[in-house]
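Hello,

Here is the structure I promised to pass on. Please have a look, and my notes follow below.

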Amino acid sequence: MSCQSKQNQNRDLTQDFEFKNDTLLRFIQDKDTLTTRFEIELAESDYEKETGLMHRKEMKPDQGMLFIYDIEATRPSFYMKNTHIPLDLIYLGKHMKIVDFYLNTIPFSEELIPSEALSRYVLEVNAVSVNQLKLNEGDQVILN
C-alpha cells in the first residue's frame, strides 16, 4: 500500500465528493478543435487512480477524470466497483491520441474492462459522450 493510500484509508466514503477542476480538455478531429470543453479532474497519485470516480453519485455532462500513468502500456485493470455513474472510457496514447474506447460501462460491475491498446492516459466521461461527440480512434485531446 502506498503512502498516499495510507493517508486516505480512513476517509469517510459516505461523504459527497467535491469535483476538482484541475484542467480543461478539448478534442481535435481532423485538425478542427471541437467546441465542447470538459472540466477535468486529474488522477495522478496511486490513491486517486485506485478510487477514480468511485462513490460519486453524479457528474455533470461536461466533466471527466483523466488517469495519468508513467508509461504507455495495456490497461486491463479498470472496473466499476462502487461507481454509480455509467461511463465511457477513452484510452489515449502518449501523444494524447485516442487509441481505444470502452463505451457505456455498467455501474457497480466488478468485471474487468479490457483494453489491449497501449495507452498512457485514460479519460472517463459520462456514458454516451463518445457517441454524442462522434469521436474516433486517432482523434486527439488537448489540455489547457
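Let me start with Ser 119, which counts as buried because its relative accessibility is 0% (buried means under 20% relative accessible area, exposed over 50%, partly exposed in between, with a 1.4 Å probe and protein chains only). Ser 119 sits in strand β6, residues 119-126 (helices, H or I of at least four residues, and strands, E of at least two, are DSSP runs numbered from the N terminus).

A word on the source: this is a predicted model, where local features need pLDDT of at least 70, side-chain atom pairs count only at pLDDT 80 or more, and totals for chains, interfaces and linings use all residues. Residues are numbered from 1 along each chain as its sequence is written, and side-chain values use heavy atoms, with hydrogens and water left out.

The largest nonpolar core has 20 residues (a set of buried Ala, Val, Leu, Ile, Met, Phe, Trp, Tyr and Cys residues joined through side-chain atoms within 4.5 Å). Strand β2 gives the largest share of this core, four residues. A second, separate core has 14 residues, including Leu 53 and Ile 113.

How many salt bridges does a search of the whole structure find? There are two (a side-chain nitrogen of Lys or Arg within 4 Å of a carboxyl oxygen of Asp or Glu). In one, Lys 20 meets Glu 48 at 3.6 Å, N to O. Arg 56 pairs with Glu 41, with the closest N and O atoms 2.9 Å apart. Both Arg 56 and Glu 41 are buried, whereas Lys 20 is partly exposed at 37% and Glu 48 is partly exposed at 23%.

Best wishes
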